[in-house]
Amino acid sequence: MATTSYKCPSCGAGIHYKPAYKKFKCDFCLSEYDEVELSNQRENIDETHAHEHTHEHTHEHRVDEDMGVLNSYHCKSCGAEVVTDETTTATFCYYCHNPVIISNRLKGEFLPNKIIPFKIDNKRAKETFLNWVGRKKFVPDDFTSQSQLEKITGIYLPYWWVDYKADVDYVGEGRSIRVWRAGGREYTETKQYEIVRKGEIDINNVTELAFTKINKDLLNGIGPYDESEAIPFSKPYLSGFFAEQYDIGREKIEPTIEEQVNRYYKYLINESIQGYNNVKNIRNLIDLDVKSWNYTLLPAWILTYSYNGKTYVFAVNGQNGRSYGELPLSRKRMTSAFGMIFSVVFIVLLLGGMFIW
Ligand SMILES: [Zn+2]
Ligand SMILES: [Zn+2]
């Protein structure tokens, strides 16, 4: 399988993207590089690789045809055989911890158009988690342990981002009713209005998660992302993080996205015709045109915790630090505090989950 590992141009160690510096920084010799310097270097590495390992290419070819089955690669740093999930595009070697990008999964229809690079680093993600747990009682003892904190993972998740042009043709009938009394009689005045909303509107950045392996509600809880900071996709940003490939294709997601657009359109129309006692829709047509369809990678920190057979997840938006999670409650600790057993129901309100743009 074709892979890319970004190396420190000075000392050759594996190099990571550091959100706090907005640069790539080598942990060993402390040299710093920007994305352009590393992108240039990448071509050199790939070429050397091609010349040195010609025998591997026949092997690679076979792997390409058979990609669903064989999900492993050889780490270029230590030579170990590393197994990955079939959707993983950026990971680390289990043995030497060098970051690795699985480049042949970032091609063709799987080449992302856009990316929002991480701005929140590992340290801030951990602080966010600890603040969130705060002084909450009844969480299991090891919930905030160092080994638990080490599990927090920076991951680029695949999203579809769609921009639409919509032709709107709305006609409605609005009524305002006024009732008053004078001289012992009741008067009613009804004014009738024709409401016309016609024209072209842009509905941009309609977002849907393109990945089945993580709970969508959880990610809605950390949305929205600020799309103005998205940049054209560039592979070096993946170095030092995990990344996943989409597993929900465009055809499959299109109805969900259009449903979002229709919901938003209804909301827009309702917002624009306030002030009547009642409104009757006479004509309500919307004609949608896709302006651009983007495969985007968005950054998130994810921490999972397994407790009493259930997995709890905590997530931090890798761009703005917004967080969301479920708290495991230790029954043992609750029982000892109250001397009785509770059944706890959590009602979670998702903010910003409906319209994410
Ligand atoms: Zn170095
Ligand atoms: Zn290795």
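Author: What follows begins with the metal sites and then moves out to the strands and a helix.

This is a predicted model: local features need pLDDT of at least 70, side-chain atom pairs count only at pLDDT 80 or more, and totals for chains, interfaces and linings use all residues. Residues are numbered from 1 along each chain as written, chains are lettered from A and ligands numbered from 1 in the order written, and side-chain values use heavy atoms, without hydrogens or water.

Begin with the zinc ion (ligand 1). Cys8, Cys11, Cys26 and Cys29 coordinate the ion through their SG atoms, at 2.2 to 2.3 Å. Donors are N, O or S atoms within 2.8 Å of the metal (3.2 Å for Na, K and Ca). Along the chain, the donors of ligand 1 follow the spacing C-x2-C-x14-C-x2-C. Their angles run from 102 to 118°, and the site is tetrahedral. For four donors, that term requires all angles to lie between 85 and 135 degrees. Ideal tetrahedral angles are 109.5 degrees.

Cysteine 11 sits in the segment before strand 1 (16-18). Cysteine 26 sits in the loop between strand 2 (23-25) and strand 3 (32-33). The two are 15 residues apart, and the pair links distant parts of the chain. Strands are DSSP runs of E with at least two residues; helices are runs of H or I with at least four.

Is cysteine 26 buried or exposed? Cysteine 26 is buried, because its relative accessible area is 0%. Cysteine 11 has 40% relative accessibility, so cysteine 11 counts as partly exposed. Buried means under 20%, exposed over 50%, and partly exposed in between (1.4 Å probe, protein chains only).

Strand 1 and strand 2 are joined by three bridges. Histidine 16 has lysine 25 in strand 2 as its bridge partner. Two strands pair if DSSP finds at least two bridges between them.

Next comes the zinc ion (ligand 2). The SG atoms of Cys75, Cys78, Cys93 and Cys96 coordinate ligand 2 at 2.3 Å. The donors of ligand 2 follow the spacing C-x2-C-x14-C-x2-C. Angles of 105 to 116° make the site of ligand 2 tetrahedral. Here cysteine 75 lies in the loop between strand 4 (72-74) and strand 5 (81-83), and cysteine 96 in the loop between strand 6 (88-92) and strand 7 (99-101). They stand 21 residues apart and link distant parts of the chain. Cysteine 75 counts as buried because its relative accessibility is 4%. Cysteine 96 reaches 27%, so cysteine 96 counts as partly exposed.

Proline 117 is in the loop between strand 8 (114-115) and helix 3 (122-133). At 13% relative accessibility, proline 117 counts as buried. Phenylalanine 233 is 116 residues from proline 117 in sequence, yet their C-alpha atoms are 9.3 Å apart.

Strand 9 pairs antiparallel with strand 13 over 23 bridges. Arginine 175 stands opposite asparagine 278 in strand 13. Strand 9 also pairs antiparallel with strand 10 over 23 bridges. There, alanine 182 has arginine 185 as its partner in strand 10. Two residues lie between the strands of that hairpin, and glycine 183 takes a positive phi near 55°. With strand 12 (residues 242-244), strand 9 runs parallel, joined by two bridges. Isoleucine 155 stands opposite phenylalanine 242 in strand 12.

Helix 6 comes last. Its buried residues are Ile253, Ile257, Gln260, Val261, Tyr264, Tyr265 and Ile269. The 23 residues of helix 6 (residues 250-272) should span 33 Å, and the end C-alpha atoms are 32 Å apart, which agrees. The expected span is 1.5 Å times one less than the number of residues.

Finally, step back to the chain. The chain has seven helices and 15 strands. Of its 357 residues, 44% are buried.

Conventions
Four donors count as tetrahedral if all angles lie between 85 and 135 degrees; four count as square planar and six as octahedral if opposite donors are over 155 degrees apart and all others between 65 and 115; anything else is irregular.
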